[in-house]
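Subject: Handing over the two-chain model

Dear colleague,

I am passing on the structure below, together with some notes on what was found in it. Please read the notes with the structure open beside them.

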Amino acid sequence: MHLVFPAVLAALLFCVGLYGVLARRNAVLMLMSVELMLNAVNLNLVAFDVWLRDALHAGQALTLFTITVAAAEIGLGLAIVLLIFRHRGTADIDRVGRLADGDETAGDGGEQQARDDEKKAVR
Amino acid sequence: MNLAVTALDSTHGFLSPSGVEIVFVLVGLGVLGAALLTVTTKQLVHAALWLVVALGGLAVEYLLLTAEFIAWVQVLIYVGAVVVLVLFGLMLTRAPIGASPDADSGNRPLAFGVALAAAATLVTLVVDAFRSTWIDLGTVAGSTKANGVTLFRYWVLPFEALSVLLLAALVGAIVLSRRNANARDEKER
């Protein structure tokens, strides 16, 4: 097989994931785009491992490690997103500008609550 | 005519793609389409389901590259576990079932430009670098036996370190998502 096919597919997949990370607003959707980018890297690792016929199978071992790290990452990432959602009532990245724990001004929280209520009413 | 004959004579060529290459390109187009739908669809749950299609297609690509073990690990962990986690995340953050108009943020054109520039650069570079490189798929490269032998003979230490990492991530996720941790903190305050 021509090496260009998997390499180009991996590059395009990475760029699709890049677009998703930059353009999405929901935190869970951003995590999904990160998964796409990680998978593009995995495809590259496997293709080059098969091409080079590495005696230690370094590419495939690293792919397994990447899959494990990605699983750990999505578990922790979702836990953090859920925590933010529980605190602020939203998973929108654009509306989580401050990292302060509970020291936000009351007006800000009330404003967000009002906006949420407004959205629910529209729906 | 002459061109066709020379293309048929050579074992490698763009004009005479092998069956594996044709299947690889077709599945690759499917993967790319599913990935594009994942990052552009307005329905959040549909995005997770298109992610299943993209990741499953990638498992087929691994099979075509004769990396069997990686392919099944991909199916087990990504399609089985990660997507279920993502769906749980979507539902626990009360994702709307229908179309949500605010799924994309305001910097969408900028993101499109950055992704397009990155894609053009990377594809140009990769095609230029590997124009005349072929993978020999004659023998299976990633059988379970070969992977297991190398993993537990040469990669034992990273493997064990990864198990510690997974344990740490597990403990961290549990600590972060425990509900009464917040209440106790507030009581102490």
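The notes below begin with conventions, then take the chains, a helix pair and the charged residues in turn.

This is a predicted model, in which local features need pLDDT of at least 70 and side-chain atom pairs count only at pLDDT 80 or more, while totals for chains, interfaces and linings use all residues. Residues are numbered from 1 along each chain as its sequence is written, chains are lettered from A and ligands numbered from 1 in the order in which they are written, and side-chain values use heavy atoms, with hydrogens and water left out.

Chain A has four helices and zero strands, where helices (H or I, at least four residues) and strands (E, at least two) are DSSP runs numbered from the N terminus. Of its 123 residues, 54% count as buried, buried meaning under 20% relative accessible area, exposed over 50% and partly exposed in between, with a 1.4 Å probe and protein chains only. Chain B comes to eight helices and zero strands, and buried residues make up 32% of its 189 residues. With contact taken as heavy atoms within 4.5 Å, residues 24 or more positions apart account for 50% of the contacts in chain A with a separation of 6 or more; in chain B, 66% of the contacts between residues at least 6 apart in sequence join residues at least 24 apart.

In chain A, helix H2 (residues 27-52) packs with helix H3 (residues 58-88) at an angle of about 175 degrees, the axes being 9 Å apart; axes are lines fitted to C-alpha atoms over the stretch in contact, and angles run from 0 to 180 degrees between N-to-C directions. H2(A) is therefore roughly antiparallel to H3(A), a term used for angles over 145 degrees.

Leaving aside residues up to four places away in sequence, B:Glu61 touches A:Leu9, A:Leu43, B:Phe24, B:Val27 and B:Gly28.

By this rule the count over all chains is one salt bridge. B:Arg131 forms a salt bridge with B:Asp128, with the closest N and O atoms 3.0 Å apart, and B:Asp128 is exposed, at a relative accessible area of 51%.

Notes. Parallel < 35°, antiparallel > 145°, perpendicular 65-115°, else oblique. Salt bridge = Lys/Arg side-chain N within 4 Å of Asp/Glu carboxyl O.
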